[in-house]
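Visitor: I would like to learn how to read a protein model. Please take me through one, feature by feature.

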Amino acid sequence: MKLKVATVSDEEQSEISRLFKRRKFLETLRTLITESDKELYLRYQSDVTSTVQAIDGWWEEIKLLYHLVPVAGGRWQIDFQTKTIYLITP
């Protein structure tokens with residue numbers, strides 16, 4: 001089931017969109033980096049970690065701001081075009 005639970009601001013949508021694009025870029029970059037290039041690989045790992053933390057932080061802020069209540073087995077999803085947050089449940 002897909003239930004609309006909130007609509008975020010333009011600024012909030014822009015921030016999470018930027019973070020998701022960065023995560024996608026890093027996933028693509030991973031295919032080009034080898035662990036033998038230690039310095040580049042360590043920087044890649046650091047960038048992935050900080051990006052994932054930023055995404056998690058964004059969701060934490062949004063959950064508090066919009067009073068999103070977790071549901072067992074559920075997850076939140078954002079529609080970047082409409083700025084709508086949905087609760088997806090089995």
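This is a predicted model: local features need pLDDT of at least 70, side-chain atom pairs count only at pLDDT 80 or more; totals for chains, interfaces and linings use all residues.

Visitor: Start with confidence. What does the protein chain average in pLDDT, and where is confidence lowest and where highest?

Guide: A pLDDT value is the predictor's confidence in a residue, from 0 to 100. The protein chain here averages 95, and 100% of the residues score at least 70. Confidence is lowest in helix H2, residues 38–65, with a mean of 95. It is highest in strand E3, residues 84–88, at 97.

Visitor: Now the helices. How do the axes of helix H1 and H2 cross?

Guide: A pair of helices can be described by how far apart their axes come and by the angle between them. The axes of H1, residues 10–30, and H2 come within 10 Å and cross at roughly 155°. H1 is therefore roughly antiparallel to H2, because an angle over 145 degrees counts as roughly antiparallel. The crossing of H1 past H2 is left-handed.

Visitor: Which residues in H1 meet which in H2?

Guide: On the H1 side they are Glu12, Glu15, Ile16, Leu19, Phe20, Arg22, Arg23, Leu26, Leu29 and Arg30. On the H2 side they include Tyr41, Tyr44, Asp47, Val48, Thr51 and Ala54, and also Ile55, Trp58, Trp59, Ile62 and Leu65. By kind, the residues of this contact are 14 nonpolar, one polar and six charged.

Visitor: Take Thr51 from that list. Is Thr51 buried or exposed?

Guide: Accessibility is read as a percentage, and buried means under 20%. Thr51, in helix H2, has 3% relative accessibility, so Thr51 counts as buried. Leaving aside neighbours within four places in sequence, Thr51 is in contact with Leu19, Arg22, Arg23 and Leu26.

Visitor: And Glu61, is that residue buried or exposed?

Guide: Glu61 is also placed in helix H2. Its relative accessibility is 53%, so Glu61 counts as exposed, because the cut-off for exposed is over 50%.

Visitor: Where do His67 and Lys83 lie?

Guide: His67 lies in the loop between H2 and E2. Lys83 has its place in the loop between E2 and E3. His67 is exposed, with a relative accessible area of 66%. Lys83, at 22% relative accessibility, counts as partly exposed.

Visitor: Which contacts does Tyr66 make, beyond its neighbours within four places in sequence?

Guide: A contact list of this kind leaves sequence neighbours aside. For Tyr66, the list is Ala6, Thr7, Val8, Ser9 and Glu12. Tyr66 has its place in the loop between H2 and E2. Its relative accessible area is 24%, and Tyr66 is partly exposed. Tyr66 and Thr7 are 59 residues apart in sequence and 8.7 Å apart in space, C-alpha to C-alpha.

Visitor: One last residue. Which residues does Trp76 touch, not counting residues up to four places away in sequence?

Guide: Trp76 lies in strand E2, residues 75–79. Trp76 touches Val5, Trp59, Lys63, Leu68, Val69 and Pro70, and also Ile85, Tyr86 and Leu87. Trp59 is one of the H2 residues that meet H1. As for distance, the C-alpha atoms of Trp76 and Lys4 are separated by 9.7 Å, and these two residues are 72 residues apart along the chain.

Key
Residues are numbered from 1 along each chain as its sequence is written. Side-chain values use heavy atoms; hydrogens and water are left out. Helices (H or I, at least four residues) and strands (E, at least two) are DSSP runs, numbered from the N terminus. Axes are lines fitted to C-alpha atoms, for helices over the stretch in contact, and angles run from 0 to 180 degrees between N-to-C directions. Angles under 35 degrees count as roughly parallel, over 145 as roughly antiparallel, 65 to 115 as roughly perpendicular and the rest as oblique. A crossing is left-handed if the near helix is turned anticlockwise from the far one by less than a right angle, and right-handed if clockwise. Contact means heavy atoms within 4.5 Å. Ala, Val, Leu, Ile, Met, Phe, Trp, Tyr, Cys and Pro count as nonpolar, Asp, Glu, Lys and Arg as charged, and the others, Gly among them, as polar. Buried means under 20% relative accessible area, exposed over 50%, partly exposed in between (1.4 Å probe, protein chains only).
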